[in-house]
Amino acid sequence: MCGRLSQYRGIHDFVAVLSMPHALINYVGDEPLARYNAAPTNQLALFHSENHRLQADKVRWGWRPHWAKDRAAPINARVEKVAHGPFFRAIWPHRAIVPIDSWFEWVDAGDSTKQPWLICRQDRAPIFCAAIGQFPKDNEAPRDDDGFVIITADSAGGMLDIHDRRPIVLSPELAREWLDPATPRERAEQIALMEGEGSEVFEWYRVSKAVGNVRNQGPELIDEVA
């Protein structure tokens, strides 16, 4: 996963598909998110459980522990290592869902440039990415080390031609289980390792190279190009 995604529909649209409409504490707002070209370090909307309630916050994409200040903040975590490796040990119990509309990858175009591709669900439904992180507390100011990483796995099927890694995408039912604080860590690891959506759920197509500039925003960035 190359580190660029879109998150443009409103938070209530994501909640409706997640089927948790009456439990939301919303610090994101009611308007469409309108992020067609979101990049690492951007504040993105995510869901997490706070005091057994679903909470939506804007949180920085990227996280690192306080003892690793000499390295860039990772934006992704490999599912093969995240549950047991020392780097993410402190935040593995703090699960979240990053609701997105699509993500982007870049492929060698054969002319010394890179061609961006957009990956989305075939049915255009929201994509619920498994994530972990450190999140804002109720009624407290954000902390400098708040942030999240998206959990990734090896690509399979035709998606492998676009990129060798992909986010772990969960069905609404599994997303609710992932968010539930009562779900044991061992079960969460099983969900991440074994039960993510397969490549056959998605489609991908070429989009404008304008998406390569993080300053560019707008719905034209997700349109297919010849």
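Q: Which residue's side chain meets that of Arg121 in a salt bridge?
A: This is a predicted model, in which local features need pLDDT of at least 70, side-chain atom pairs count only at pLDDT 80 or more, and totals for chains, interfaces and linings use all residues. Residues are numbered from 1 along each chain as its sequence is written, and side-chain values use heavy atoms, with hydrogens and water left out. A salt bridge requires a side-chain nitrogen of Lys or Arg within 4 Å of a carboxyl oxygen of Asp or Glu. At 3.1 Å from N to O, the partner of Arg121 is Glu197.

Q: How many residues apart in sequence are the parts that the pair Arg121 and Glu197 ties together?
A: Helices (H or I, at least four residues) and strands (E, at least two) are DSSP runs, numbered from the N terminus. Arg121 belongs to strand E9, while Glu197 sits in the loop between helix H3 (185-194) and strand E14 (202-206), so the parts tied together are separated in sequence by 76 residues.

Q: Are Arg121 and Glu197 buried or exposed?
A: With a 1.4 Å probe and protein chains only, buried means under 20% relative accessible area, exposed over 50%, and partly exposed in between. By that scale, both Arg121 and Glu197 are buried.

Q: Where does Arg124, the salt-bridge partner of Glu203, lie?
A: The side chains of Glu203 and Arg124 form a salt bridge with an N to O distance of 2.7 Å. Glu203 is partly exposed at 27% relative accessibility, and Arg124 is partly exposed at 41%. The pair ties together parts 79 residues apart in sequence, because Glu203 is in strand E14 and Arg124 is in the loop between E9 and E10.

Q: Which residues are linked with Arg78 in a network of salt bridges?
A: Arg78 forms a salt bridge with Glu80, whose closest N and O atoms are 3.9 Å apart. Arg78 is partly exposed at 41% relative accessibility, and Glu80 is also partly exposed at 41%. The residues linked with Arg78 in the network are Glu80, Asp154 and Arg165.

Q: How many salt bridges does the structure hold by this rule?
A: Among the pairs are Arg121 with Glu197 and Glu203 with Arg124. The count by this rule comes to nine.

Q: How many disulfides does the structure hold?
A: A disulfide is a pair of cysteine sulfur atoms within 2.5 Å. The sulfur of Cys120 has its closest cysteine sulfur in Cys129, at 13 Å, which is too far for a bond. Cys120 is buried at 3% relative accessibility, and Cys129 is buried at 0%. The number of disulfides is zero.

Q: What is the phi of His52?
A: Most residues other than glycine have a negative phi. His52 lies in the loop between strand E4 (43-50) and strand E5 (53-60) and is exposed, with a relative accessible area of 70%. Although His52 is not a glycine, its phi is positive, at about 65 degrees.

Q: Where does Ser112 lie?
A: Ser112, a residue other than glycine, has a positive phi near 70 degrees. At 76% relative accessibility, Ser112 is exposed. Its location is the loop between strand E8 (102-108) and strand E9 (114-121).

Q: What separates the C-alpha atoms of Asp144 and His12?
A: Asp144 is in the loop between strand E10 (127-134) and strand E11 (147-154), and is exposed at 75% relative accessibility. Asp144 and His12 are 132 residues apart along the chain, and the separation of their C-alpha atoms is 28 Å.
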